[in-house]
Amino acid sequence: MTAIETRGLTKRYGEKAAVDRLNLTVERGELFALLGVNGAGKSTAIKMLSCLLRPDGGDALLLGDSISAAPRAVKRRIGVSPQETAVAPNLTVEENLELMAGVCGAGDPRARRRRVLAELGLEGEARRRARVLSGGWQRRLSIAMALVADPEILFLDEPTLGLDVLARRELWEVVRGLKGRTTVVLTTHYLEEAEALADRVGILVEGRLRAVGTPEELKALAGTDRFEDAFVALAAGRGAA
Ligand SMILES: Nc1ncnc2c1ncn2[C@@H]1O[C@H](COP(=O)(O)OP(=O)(O)O)[C@@H](O)[C@H]1O
Ligand SMILES: [Mg+2]
């Protein structure tokens, strides 16, 4: 079953299209990576799909509901960990989670909080204020907050941006642990992250989707056995999409 289907999804800023007629399908249970350099349009795409930004053209169906016609229905079924983190710095980890659990309603907020604390390995940090946490732990908290409502689709916008290599690898394990339980769309500009985590990768260049496929398919398409070379070739426009 299809989790996400976009049709000509477009967002313009002035003359320039930040996301340009995006046609993309993500299946349920898939871990999909949207890969692109800074400014490629990744965050803009995520913001439209998560109903934080209205498209100027096209539409997207999330689990059958339109982001334009039924944003409330969409929001109930998704979670978002934004690029600029949504963590409240002066609240503790558990207060942040409880706040989020309260906002999203339905079910026992404490039970939800306990579940995601355990799932993200955050129990030891529960009483610490968010602002004293390392970048890696803050990211975990942001992901925990996105998971508290038990979403069917999870958006992670540059989840490892600015983290050191060890924290990044730890977060990869967290993301792998989500596989299968929820559909995940993550954005990254780290090639090795997309290759390591994603079932399929979409390469975004100046708002347009250049190529989509498994890392193996993209390498075959570009005629190379190195993912980095495949990205360079496809992003530069050689090799058909
Ligand atoms: N609020 C905004 N106003 C004007 N231009 C914007 C705005 N947000 C993003 N852009 C532009 O849209 C393009 C895509 O940005 P963004 O989606 O943030 O890319 P990415 O997340 O891939 O780095 C960039 O050229 C960026 O400068
Ligand atoms: Mg971004």
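Helices (H or I, at least four residues) and strands (E, at least two) are DSSP runs, numbered from the N terminus. This is a predicted model, where local features need pLDDT of at least 70 and side-chain atom pairs count only at pLDDT 80 or more, while totals for chains, interfaces and linings use all residues. Residues are numbered from 1 along each chain as its sequence is written, and side-chain values use heavy atoms, with hydrogens and water left out.

**Exercise 1.** Work out which elements supply the shell around ligand 1.

Step 1: list the residues with a heavy atom within 4 Å of the ligand; they include Lys16, Ala18, Lys42, Ser43 and Thr44.
Step 2: look at the elements. Strand E2 (16–27) and H1 each bring in at least two of the shell residues.
Step 3: pick the top giver. That's H1, with three residues.

**Exercise 2.** Find polar contacts (pairs of N or O atoms within 3.5 Å) of ligand 1.

Step 1: start with the side chains. Threonine 44 has a polar side-chain atom 2.5 Å from an oxygen atom of ligand 1, and for lysine 42 a side-chain N or O atom sits 2.9 Å from a ligand oxygen.
Step 2: check the backbone, where an N or O atom of alanine 40 is 3.2 Å from an oxygen of the ligand.

**Exercise 3.** Find what holds the magnesium ion (ligand 2).

Step 1: look for donors (N, O and S atoms within 2.8 Å of the metal, or 3.2 Å for Na, K and Ca; water is not among the atoms, so sites may look incomplete). Ser43 (OG) and Gln83 (OE1) coordinate the ion at 2.0 Å.
Step 2: Serine 43 is in helix H1 (residues 42–49) and glutamine 83 in the loop between strand E6 (78–81) and helix H3 (93–103), so the pair links parts 40 residues apart in sequence.

Definitions and conventions
Chains lettered and ligands numbered in written order. Polar contact = N/O pair within 3.5 Å; in protein donor to acceptor, adjacent residues only side chain to side chain.
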